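User: I have a chain open here and want to go through it piece by piece. Can you take my questions as they come?
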Amino acid sequence: MMVADNWERKSCLGNSVLSVNMAVNELDTEQDLAPSKKKPLSEDEKRKKKIVPGSLMKAVVRPGGGDSGPSDGDQVIYHSTVRTLDGVLVESTRSDYGGKGTPIRHVLGKSKILLGLLEGIPTMLKGEVAMFKMKPQMHYGEDDCPISAPDSFPKEDELHFEIELIEFFKAKARMYAFDFFSLSFSICHILVVTDDLGVVKKVINEGQGWESPREPYEVKAWISAKTATGKLIMSHTKGEPYFFTFGKSEVPKGLEMGIGTMTREEKAVIYVTSQYLTQSPLMPVIEDYDEVQFEVELVHFIQVRDMLGDGRLIKRRIRDGKGDFPMDCPLHDSLLRVHYKGTIVNEENRVFYDTRVDNDGEPLEFCSGEGLVPEGFEMSVRLMLPGEIALVSCPPDYAYDKFPRPANVPEGAHIQWEIELLGFEMPKDWTGLDFNSIMNEAEKIRNTGNRLFKEGKYELAKAKYEKVLREFNHVNPQDDEEGKIFADTRNLLHLNVAACYLKVGECRKSIETCNKVLEAKPAHVKGLYRRGMAYMANGDFEEARNDFKMMMKVDKSAEPDATAALSKLKQKEQEVERKARKQFKGLFDKKPGEISEVKADEDGNPSTSENQDSEEHSDADGTNSEDSHEAAPDARPRSWISLFWPTGKRIFESLGLQRCTIL
């Protein structure tokens, strides 16, 4: 197994900055400063000081979400798979690799944890999958390692740790509570929900699993409320549990924040101070309470997901599946088996297809990530567990308006699918495959990407190419012939990714992707051509011309393609110049001695007093060139001529003008 170029060295050396505030009087009198006491280093900080550069490397396999990672005091939940550099499996928490399927839980700064993970996990985001390459001293080979190595563990070897950060949140603290009535101490778990201590939770009985309700989940709970003196305010502990939708202000704000940290069947007391007591259907009247103590038992919650964030595509879980969410959901390239019933919402829920009726009772089978089902359908299924039944409400643009529409579904129809995920097959693991088998698998995925590209599904195609590139990070060619095949295939994949970026208007990213090929092989003809096209689309005409000329220089057989590209480039430049001439037209229509008044229209585009119908300066393929360039760092107002320089300069020269002054 080989580590590619995207390994990022994680530094272990932090700078300790001591900030001292001193009040200096106007007379600059000398003051005696009392020496500040240094806080003693924790055991983890002492361990981190032993890290040397290069002993820990990180490569991101799948990006995560959010703005920040975990920190000291956070409980982290993650899966771990350990392999040798040759790809041999050492151990794993995942059931697919012989583990129990239960993720690891640690509290940063509290739990005993391997040094490499202590340094690496705080760099991750929620949902991220990362590969850490560790020297022996970063795992069980560390001197005085606080964790004993498992039997037969190769603690003297350099290893790969694949980590998936599932979740992290503030950890519960163990505290001692004194009961004044029994005059005794008891141990309880306290969670500070808000930093100002306005919402605090005391756990009575631990819940099941790790998932907690969030917006817009549907929640059922037994709830009662008392004042700090024990006076009962309200009670909803008989009949049916109280039902509310999370995030809809149907319970007081502080109570909802506390429930958002609970798991199924957990019992807790949530202490809420006055600033977090808001009116709601549960408590329509809020009296002058300093604090309210809510006793809560979280009976059940239904996962409801706003897939797009705008309320149009909603997935509502009807029946729980088997396994833990999201670890046991289908991966991107899984083979899925589902039963579904589709109905048209605005036609009294008319059923237009039911696999159990219209498909002879056979389920639908399809591979995810290949555009074989409507986008809203696939997005929802990928967040389901085996055995789960979900009700999905989908808008037309994510249903059949952009997908081959059944004959009995009208255009613009809002669709509701009832989907049952029967099961799925995981994508083929490349671990242990020989080089030829790996390249065959890569070719299959690349061909699927090519099909998606031809169908205009550029994001899906790009995902296929990028999947193979990620897998290539762990491929180690054994000889020169394999090395050449591997390098050529990797370059081809990079250029395919660049083509996808170009198709969706991401010209700068297309150029950067081409650079990955050209930095290793500057004379790569296809790389020069693809980058030249991206430069041209981005309005960087001179750079594009240089790439097309270089094509002819390094490979005479590429001359026809380069000549055609230069011809297209010339047409593009002429089109831009023509539009610029039209923009400047009013300036040169005046007689000698007259001054053409130049002003800006309402949109900020320069125009003359005689020609207000200036066109937007855009590329031939419809990509606005202003959107494709970074804003200049100089924020000072520019003259209107500078907007078209050097194009404007060429126009002046063609008209025989050497200098133009605007009065």
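Predicted model: local features only at pLDDT ≥ 70, side-chain atom pairs only at ≥ 80, totals over all residues.

User: Which strand is joined to β15 by seven bridges, and in what sense do they run?
Analyst: That is β14, residues 267-273, and the two strands run antiparallel.

User: What else pairs with β15?
Analyst: β11, residues 218-227, pairs with β15, residues 291-302. The sense is antiparallel and there are ten bridges. One of the pairs puts V219 across from F301 in β15.

User: Where is Y289 found?
Analyst: Y289 lies in the loop between β14 and β15.

User: Buried or exposed, that Y289?
Analyst: Buried. Its relative accessibility is 15%, and the cut-off for buried is under 20%, so Y289 qualifies.

User: What is Y289 in contact with, leaving aside its neighbours within four places in sequence?
Analyst: T227, I233, S274 and L277. As for V272, it is 17 residues from Y289 along the chain, and the C-alpha atoms of the two are separated by 9.7 Å.

User: Changing topic to helix α7. How far apart are its end C-alpha atoms?
Analyst: They are 21 Å apart.

User: Which residues of α7 are buried?
Analyst: A461, K462, K464, Y465, K467, V468, L469 and F472.

User: Why would residues three or four places apart point the same way?
Analyst: Because an α-helix has 3.6 residues a turn.

User: And what covers the buried residues of α7?
Analyst: The cover includes α6, residues 435-454, and α8, residues 480-503.

User: Now the whole chain. How many helices and strands?
Analyst: There are 14 helices and 24 strands.

User: What share of the residues is buried?
Analyst: 42% of the 663 residues.

User: Last one: what share of contacts joins residues at least 24 apart?
Analyst: 67%, counted among contacts between residues at least 6 apart in sequence.

Notes. Residues numbered from 1 in each chain as written. Heavy atoms only, no water. Helix = DSSP H or I, 4+ residues; strand = E, 2+ residues; numbered from the N terminus. Expected span 1.5 Å × (residues − 1). Buried < 20%, exposed > 50% of the residue type's maximum accessible area, 1.4 Å probe, protein only. Contact = heavy atoms within 4.5 Å. Pairing = 2+ DSSP bridges.
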